[in-house]
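Please examine the sequence and the structure shown here before reading on.

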Amino acid sequence: MIPLKKALESSIGKKFVMSISGIALVGFIIVHLLGNLPLYLKAEQAGPMLNEYSAFLASFGWLLTAAEIGLAAAFIIHMVYAIRTTLINKKARKNSYDKGVVSKGGPSHLTLLSRNMIFSGVVIGVFLIVHLWQFRFSKGSMEPIKLASGADGLDLYAVVAQTFSQPVNVIFYTIVMLIVGAHLSHGLWSALQSLGAMKPAWSKAIYTVGILIAVVLAAGFLFIPIVMFLTQSGV
């Protein structure tokens, strides 16, 4: 039996870890989008719903903290293995070119995007830091209020509305969500391929499904700041 450490250090092992961590992060993105859907409603409806949802999550206490640590670990592991795999692949390609070796295989989805997954990943990483700073670690700027349920809570909606009343934030979020969509469109297909979850005949169909999922998730988040900005601007 191959030792676990050695297995994870293999090329297949690295891709497996990247795929599992990536799929876990996509699962979080789906749940996160569902929790933010109230922001498409009018302020008098969106505010109470978002604040109640925020209070509901906070009620989990240390379990929420543990989940956040787990997500952070998944993201860090995903990034580390992605960088290592990219460096190894570049070195392998360079050696192949130096030796005059030309590879030949089946259908490929190598594109400008797939060759720059590290770049889009770094952009997403920077975005997450900004996003967490604005909405997770800014509790000191949130006003304590009485929730619709009668419990005490924080006015997260006011912070969100204030953030998306500024054009620079709307533009920033819009651009990043386009990059997120592009990253996911290739990442989902690549993850399933690495996990051996598809036959060659399924490749095109699953690639298309991956793109559709990426578009839905990216669009779901992308239009939130735009809609809120236009609504607050009276458009």
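The following text considers charged pairs and then the nonpolar core.

The model is a predicted one. Side chains of opposite charge can pair when their charged atoms come close. A search of the whole structure finds 2 salt bridges.

One of them joins the side chains of Glu 68 and Arg 136, with 2.7 Å from N to O. This pair connects distant parts of the chain, since its two members lie 68 residues apart. Glu 68 belongs to helix H4, which spans residues 62-98, while Arg 136 sits in the loop between helix H5 (117-135) and strand E1 (144-146). Glu 68 is partly exposed, because its relative accessibility is 29%, and Arg 136 is likewise partly exposed, at 25%.

A salt bridge is also found between Asp 152 and Lys 146, whose closest N and O atoms are 3.0 Å apart. Here Asp 152 is exposed, with a relative accessible area of 60%, and Lys 146 is exposed as well, at 58%.

Attention now turns to the interior. In soluble globular proteins, nonpolar side chains tend to be buried together. The largest nonpolar core of this model has 28 residues, and those touching the most other members are Leu 39, Tyr 157, Val 160, Phe 164, Met 177 and Met 228. Two or more residues come from each of helix H2 (11-36), helix H3 (43-58), H5, helix H6 (156-163), helix H7 (167-194) and helix H8 (203-232). The most is given by H7, with 7 residues.

Phe 164 may be followed in detail. Leaving aside residues up to four places away in sequence, Phe 164 touches Phe 135, Val 170, Tyr 173, Ile 224, Pro 225, Met 228, Phe 229 and Gln 232.

Definitions and conventions:
Residues numbered from 1 in each chain as written. Predicted model: local features only at pLDDT ≥ 70, side-chain atom pairs only at ≥ 80, totals over all residues. Heavy atoms only, no water. Salt bridge = Lys/Arg side-chain N within 4 Å of Asp/Glu carboxyl O. Helix = DSSP H or I, 4+ residues; strand = E, 2+ residues; numbered from the N terminus. Buried < 20%, exposed > 50% of the residue type's maximum accessible area, 1.4 Å probe, protein only. Core = buried A, V, L, I, M, F, W, Y, C linked by side-chain atoms within 4.5 Å. Contact = heavy atoms within 4.5 Å.
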